[in-house]
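Trainee: I would like to learn how to read a few local features from a structure. Could we go through one together?

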Amino acid sequence: MNDYYEILGVPRTATQEEIKRAYRKLARKLHPDVAGPEAEDQFKEVGRAYEVLSNPEKRQMYDLGGESALGGNGGGGAGFGFSDIFETFFGAAGGASRGPAPRGRRGQDALIRLEVELRDAVFGVEEEVQVDTAVLCGTCNGTCTRPGTSVQTCAVCHGRGSVQRVARSFLGNVMTTSPCSACGGHGTTIPDPCPECSGQGRVRNRRTIPVSVPAGVDTGNRIKLTGSGEVGPGGGPAGDLYVELRVRPHPVFARRGDDLYARVEVPMTAAALGTVLHLETFDGPEEIDIAPGTQPEEVITLEGLGVGRLNGPGRGDLKVQVDVEVPSALDDRQRELLLELATLRGEERAEPRLTPASSGVFSRLRDRFSGR
C-alpha cells in the first residue's frame, strides 16, 4: 500500500499549506519535461498523493483506512492529466508579475540602397542619404502625452502592469497572472495623448543622414549606421540603418578585387617600334611605355593605381592590356613597304606555327591578367 505522506515527504500532521508546498517542489523536480520520460510514473504518483491529501474529505478517509477506504474515489481517477495540471500550476507560477512593461521599445532596423561611382570605391567618399522613417515626436519628445499632461497610474492594476485571478483546480485555488488589459501591461494609461503622434511617441519624417563610404567597397557591401534606424514606439531607442552599396560600371575601367583593368589599342608599327602612351587614370594622366616588340594582349602593370583595400592599407594595381591594331586597308605605297619588310624578314610565305592549347589566346589573356 502506498504511503501518500511518505511520497510527498510530509508528516501526517502536515497542514494543507505544507502539503501544497511539498507537492509544488516535487512536481517541478519530477515533471517529465524536466526530469525526462523515466520520471513520469513518479510524477503521476506524486499527483495521486496530492489529489487525495489536498482534499480534506479524501484525506480523512485515507487516514482511517488507507487506499482501500477510498474505493473508486482514490487518486488517479478519470480526468487526471499531469501535463494539464503542470501547465496550469507552473504556468501560473511562471507568469508571476515582473513589474510593468516599459512603454518605450527599440525601433526596427532600416535598409536603404546607395549607388556610387567606381572612383568613389577607389578612394572612398562622403555621401548623404535621405530616409523616410520614424523619428522622435518633437511635440511630446517621446512621452506620448499632450504637453503639460502626464501618464496616470492604471486604476485596474494599480501600476503593476498585471492582474491576478484565482482559478480553481484539484490543486485548490491557483493564482494566475496575466498582463492588464486596461493599460496593456504598462502600469500606466495616457488619458490625454499627444495630438501630433497620437500617443505613439514618434512620427514619420524624412531625414538626411551623412554616410562615410570607405575605399574598397564593392557592390553588395553594407555600411551599418548604429542608432540611425526607426525610433521605437513610445519614444524607444532607435534601431540601426544599413546602407547597401552598388558600384556603377565604368566606361573605361573594369574591376576585379582590388585591381583595375583597362585596354589600349596601338598601331602595329607602334607595337613594333615602341612608343609612349598617355592614359587618363583616377590619379590623373599616366605615361605608359610601350616597349619595342610589344605583343598583342600583353599586360602592363601600373602598381598602386588600383582600388583602395577595404580591410587593409595600400591599393591594388592598374593592369593595362595592349591590343595591336592591324591595318585592314592599305594603299599601294603602304603595301609596297610592307612587302619589302616581309622580304627583309624572310616572311614572304609565312608558315603557320601551331602552339599548345594551354598557350592559346584565352589562356594567355587569363595568365597575364592573373600575373603568371
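Trainee: Let me start with a loop: between which two strands is the place of Cys 144?

Mentor: Keep in mind that this is a predicted model. Cys 144 sits in the loop that runs between strand E2 (125-136) and strand E3 (152-153).

Trainee: What is the phi of Cys 144?

Mentor: The general idea comes first: most residues other than glycine have a negative phi. Cys 144 is not a glycine, yet its phi is positive, about 75°.

Trainee: Is Cys 144 buried or exposed?

Mentor: Cys 144 has a relative accessible area of 1%, and buried means under 20%, so Cys 144 is buried.

Trainee: Where does Glu 297 lie, and what is its phi?

Mentor: Look at the loop between strand E13 (284-290) and strand E14 (298-302), where Glu 297 lies. Glu 297 is not a glycine either, and its phi is positive, about 75°. With a relative accessibility of 16%, Glu 297 counts as buried.

Trainee: Let us turn to the cysteines. How many disulfides does a search of the whole structure find?

Mentor: In general, a disulfide is a covalent bond between the sulfur atoms of two cysteines. Here the search of the whole structure finds zero disulfides. Take Cys 154: the nearest cysteine sulfur belongs to Cys 157 and is 3.7 Å away. A disulfide needs the two sulfur atoms within 2.5 Å, so Cys 154 is in no disulfide.

Trainee: And which cysteine sulfur is nearest to that of Cys 157?

Mentor: For Cys 157 the nearest is the sulfur of Cys 183, 3.7 Å away, and Cys 157 is in no disulfide. Cys 154 counts as buried at 2% relative accessibility, and Cys 157 counts as buried at 0%.

Trainee: Now a sheet. What is the order of the strands in the open sheet of three?

Mentor: The order is E1-E9-E8, and the pairing is mixed. At the edges stand strand E1 (110-116) and strand E8 (222-225); each has a single partner strand, so one side of each is left without a neighbour in the sheet. On average, neighbouring strands of this sheet are turned by 25° against each other, ignoring direction.

Trainee: In which sense do E1 and strand E9 pair, and over how many bridges?

Mentor: E1 and strand E9 (residues 241-247) pair in the parallel sense, over seven bridges.

Terms used. Residues numbered from 1 in each chain as written. Predicted model: local features only at pLDDT ≥ 70, side-chain atom pairs only at ≥ 80, totals over all residues. Heavy atoms only, no water. Buried < 20%, exposed > 50% of the residue type's maximum accessible area, 1.4 Å probe, protein only. Pairing = 2+ DSSP bridges. Helix = DSSP H or I, 4+ residues; strand = E, 2+ residues; numbered from the N terminus. Axes fitted to C-alpha atoms, helices over the stretch in contact; angles between N-to-C directions.
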